[in-house]
Amino acid sequence: MTFDLASRLAARRADNLFRQRPLLQSPQGPEVVVDGQPLLAFCSNDYLGLANHPAVVRALQQGAEKWGVGGGASHLVVGHSQPHHALEEALAEFTGRPRALLFSTGYMANLAAVTALVGQGDSVLEDRLNHASLLDAGLLSGARFSRYLHNDADSLAKRLDKAEGNTLVVSDGVFSMDGDLADLPALCAEARKQGAWLMVDDAHGFGPLGASGGGIVEHFGLGIDEVPVLVGTLGKAFGTAGAFVAGSEELIETLIQFARPYIYTTSQPPAVACATLKSLELLRSEGWRREHLNALIARFRAGASALGLELMDSPTPIQPILIGDSARAVEFSRLLRERGLLVGAIRPPTVPAGTARLRVTLSAAHSEAQVDRLLAALGECQALLPNEEGNQ
């Protein structure tokens with residue numbers, strides 16, 4: 001008996017779900033070169049335009065000159081360098097929490113936090129549209145795992161009534177494929193009624209949301225009592241790489257002692273931490289980036305609505321255009337690329353069946369003229385796209 005991988009791949013192609021990696025041949029930015037073609041990109045999570053910022057690049061270079069390239073070992077052996085420590089202290093101060101812990105990826109941070117906090121005899125309740133890393137963490141924790149209806153505090157309450165042991169409620173802050181915000185005040189209220197902890201992965205909220213870019217917790221005016229476990233990633237609005245968990249002294253020490261993804265992995269290059277310290281400084285000091293980004297979001301939504309495109313309820317840089325059929329979404333994306341624009345077609349299983357979409361992401365590095373060019377191309381391609389029955 002052998003693995004029939006060819007049939008699996010053929011079926012994915014037949015369902016218009018086959019994925020291919022675009023080859024980026026330039027730095028991140030609005031104007032990129034992909035597979036040899038110059039394109040105007042609307043598919044990066046570099047929300048504040050910091051991934052190729054000269055000051056951040058210099059900080060990385062200077063960090064490499066001083067600290068070398070590799071982390072060398074795990075944090076608990078001899079891989080916890082001064083830049084890592086300084087970044088953790090800066091992130092703790094930024095989030096208004098006693099401590100923060102640095103991870104190499106967001107996937108690792110989520111897996112570490114959930115599996116260190118709950119296990120057999122406990123419960124973990126997650127939004128059904130949570131990121132795959134959160135869902136995987138819940139399944140791997142060994143705790144009783146249940147998913148509540150998307151952003152539905154009543155559905156959460158019913159599951160909390162049946163929860164056993166220590167109970168962790170887990171939600172994205174900004175849902176990465178829809179762009180909508182978690183109703184954190186309502187989720188917090190239900191969790192606190194039952195003595196459960198709330199964990200929020202604010203990967204897409206840090207930077208764009210909040211008066212100072214502090215994310216969805218700052219946006220709603222919540223603190224550590226309402227959201228004891230706060231996760232953020234550094235490869236999106238921060239423009240670098242890695243992730244962190246911020247919380248109490250006891251939480252962070254628990255992760256250091258018990259979180260296997262933290263204990264058993266080499267630390268990120270210290271030069272990356274140097275770069276992130278600079279990007280954090282820019283995120284906090286240059287509020288014009290958030291202001292410009294918010295203006296672009298409003299401009300795009302107004303223009304897309306005027307074209308009759310079906311938008312989702314998103315106040316964030318993630319602006320999905322609902323298409324429905326996977327083949328139509330792929331064709332829409334292809335027509336845009338023919339016109340020099342790069343917009344990804346997101347299909348199942350990343351999103352539910354029948355909800356394939358174009359996932360437009362905006363950045364503070366985009367100009368109003370570039371957003372207008374996108375809107376013009378969307379209108380032109382929409383007119384060329386066959387309808388559901390196959391007619392134009």
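Author: A disulfide is a pair of cysteine sulfur atoms within 2.5 Å. By that cut-off, the structure holds zero disulfides. What you see above is a predicted model, where local features need pLDDT of at least 70, side-chain atom pairs count only at pLDDT 80 or more, and totals for chains, interfaces and linings use all residues. Residues are numbered from 1 along each chain as its sequence is written, and side-chain values use heavy atoms, with hydrogens and water left out.

Reader: How do you know that C381 is in no disulfide?

Author: Look at its nearest cysteine sulfur, that of C43: it is 15 Å away. A disulfide needs the two sulfur atoms within 2.5 Å, so C381 is in none.

Reader: Why is C381 called buried?

Author: Buried means under 20% relative accessible area, exposed over 50%, and partly exposed in between (1.4 Å probe, protein chains only). C381 has 0%, so it is buried.

Reader: And what makes C274 buried?

Author: C274 has a relative accessible area of 16%. The limit is under 20%, so C274 counts as buried too.

Reader: Why is K66 called exposed?

Author: Its relative accessible area is 65%, so K66 is exposed, the cut-off being over 50%. You will find K66 in helix α2, residues 54–67. Helices (H or I, at least four residues) and strands (E, at least two) are DSSP runs, numbered from the N terminus.

Reader: Which elements do the buried residues of α6 pack against?

Author: Helix α6 covers residues 132–140, and its buried residues are S133, L134, L135, A137 and G138. They pack against α5 (106–117), β4 (123–127), β5 (144–148), β6 (167–172) and β7 (197–201), where contact means heavy atoms within 4.5 Å. After α6 comes G142, with a positive phi near 85°.
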